[in-house]
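Visitor: I have a structure open and I would like to learn how to read it. Could you walk me through it?

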Amino acid sequence: MSDIALSPGAAPVAIPVREILPWAIFGGLLLLLAIYFIGAEEGATSLIRGMYVHEFVHDGRHLLGFPCH
Amino acid sequence: MVGKLLLRGMLVGLIAGILAFAFARVYGEPQVDKAIAFEEQKAQAAGEAPEEEIVSRTTQAGIGLATGVLVYGAALGGIFSLVFAFAYGRLGSLGPRGTSALLAVLGFVAVIVIPGLKYPANPPAVGNPETIGYRTELFFIMILVSVAAMVAAVGLAQRLWKQLGAWNAAIVAALAYLVVFALVKAALPNINEVPEDFSAMVLWQFRVASLGIQLVLWAVIGLAFGAVVERQLATRSQGGLARRYA
């Protein structure tokens, strides 16, 4: 029995959701904010005044497929 | 556990971003340059003053592009690792590498390919500045609906698995996803802001380059992430099972 359990082909064990949730909420939120700055800041909406962020990541924004002016 | 996965996901994403940046420099930038040349030519013909340059073209195509693609890559890798944490061990008997590769394929289809068929990437000079808010809204709605439909389709495939077998369950789920896409595609408004005299060749090549950048990102993340977490998860499942049978 233990031979089967310890073999590398053992069935994958899921990670409990309660263990994932805090990371998913805080990490996920920060990462989405990063994508927002690359993809949409100073375009459709703006948190910072001016056009510097928009112009700086301009080429990446177009090439990554985000709508741009 | 999850923190480790997240960190590895972001690192893999960063590496994918570096490769995607190289791809973008070679295949994407020439198209961006041609589109901007077209834009300037049009403005000049209309007698408008040339647009004030806040950031130079060299910066935009160099450090600016690198920043954009690398941050996007790292963020994508991080989010990918969080989705992986949910999916691993819940998709039949797929191991770490299989789960990672499958997620990347499904994610690439749901986030990039399918929404891109409705609202494709556009080079500079294509797109009216006044409709940017509207276009951005539709773009994200399309992605949200597509991802939700894909999650539902995966759930459907899992439910049908026992009755129909793996292949037929996956085919039924894929068809269900395509039906949702066809309905949403018909329901959402079309956008065509390509100027009449814009080069079809530049537009095509720009869109192929844009798709290629995404393909590099998702392929590298999907293949590399599974490889770098394989060992971590193998020891975990052994430890877990050993405890269970102790």
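Guide: Let us begin with chain A, where 38% of the 69 residues count as buried. A residue is buried if 20 or more other C-beta atoms lie within 10 Å of its own, exposed if 12 or fewer, and partly exposed in between, with C-beta atoms placed from the backbone. Please keep in mind that this is a predicted model: local features need pLDDT of at least 70, side-chain atom pairs count only at pLDDT 80 or more, and totals for chains, interfaces and linings use all residues. Residues are numbered from 1 along each chain as its sequence is written, while chains are lettered from A and ligands numbered from 1 in the order in which they are written.

Visitor: How many helices and strands does chain A have?

Guide: Helices (H or I, at least four residues) and strands (E, at least two) are DSSP runs, numbered from the N terminus. Chain A has four helices and zero strands, so its elements read α-α-α-α from the N terminus on.

Visitor: And what does chain B contain?

Guide: Chain B has six helices and zero strands, in the order α-α-α-α-α-α from the N terminus on. Its C-alpha atoms fill a box of roughly 80 × 40 × 25 Å along the principal axes. Of its 246 residues, 38% count as buried.

Visitor: How many residues does each chain bring to the contact?

Guide: Two residues are in contact if their C-beta atoms, placed from the backbone, lie within 7 Å. Here 55 residues come from chain B and 40 residues from chain A. On the side of chain B that touches chain A, helix H1 (2-45), helix H2 (57-87), helix H4 (132-164) and helix H6 (200-245) each supply at least two residues. H2(B) gives the most, with 15 residues.

Visitor: Which classes of residue make up that side of chain B?

Guide: For the classes, Ala, Val, Leu, Ile, Met, Phe, Trp, Tyr, Cys and Pro count as nonpolar, Asp, Glu, Lys and Arg as charged, and the others, Gly among them, as polar. The side of chain B that touches chain A divides into 31 nonpolar, 20 polar and four charged residues.

Visitor: At what angle do the axes of H2(A) and H2(B) cross?

Guide: Axes are lines fitted to C-alpha atoms, for helices over the stretch in contact, and angles run from 0 to 180 degrees between N-to-C directions. The axes of helix H2 (residues 17-39) of chain A and H2(B) come within 9 Å and cross at roughly 155°. That makes H2(A) roughly antiparallel to H2(B). Angles under 35 degrees count as roughly parallel, over 145 as roughly antiparallel, 65 to 115 as roughly perpendicular and the rest as oblique.

Visitor: Is their crossing left-handed or right-handed?

Guide: A crossing is left-handed if the near helix is turned anticlockwise from the far one by less than a right angle, and right-handed if clockwise. The crossing of H2(A) and H2(B) is left-handed. Among the residues that make the contact are A:Trp23, A:Gly27 and A:Leu31 of H2(A), with B:Val71, B:Ala75 and B:Phe86 of H2(B). By class, this contact has 14 nonpolar, four polar and no charged residues.

Visitor: How do H3(B) and H4(B) pack?

Guide: Helix H3 (residues 96-118) of chain B and H4(B) pack at an angle of about 140°, with their axes 9 Å apart. H3(B) and H4(B) are therefore oblique to each other, and H3(B) passes H4(B) in a right-handed crossing. Residues including B:Leu106 and B:Ile114 in H3(B) meet residues including B:Met142 and B:Val154 in H4(B).

Visitor: Why does B:Ala157 count as buried?

Guide: B:Ala157, found in helix H4 of chain B, is buried because 22 other C-beta atoms lie within 10 Å. B:Ala157 touches B:Ala169, B:Ala170 and B:Ala173, not counting residues up to four places away in sequence. B:Ala157 and B:Ala170 are 13 residues apart in sequence and 5.4 Å apart in space, C-alpha to C-alpha.

Visitor: Last one: into which domains is chain B divided?

Guide: Domain bounds come from an automatic or database domain assignment. Chain B is divided into domain 1 (1-45 + 57-126 + 198-246) and domain 2 (127-193). Their centres, taken over C-alpha atoms, are separated by 19 Å.
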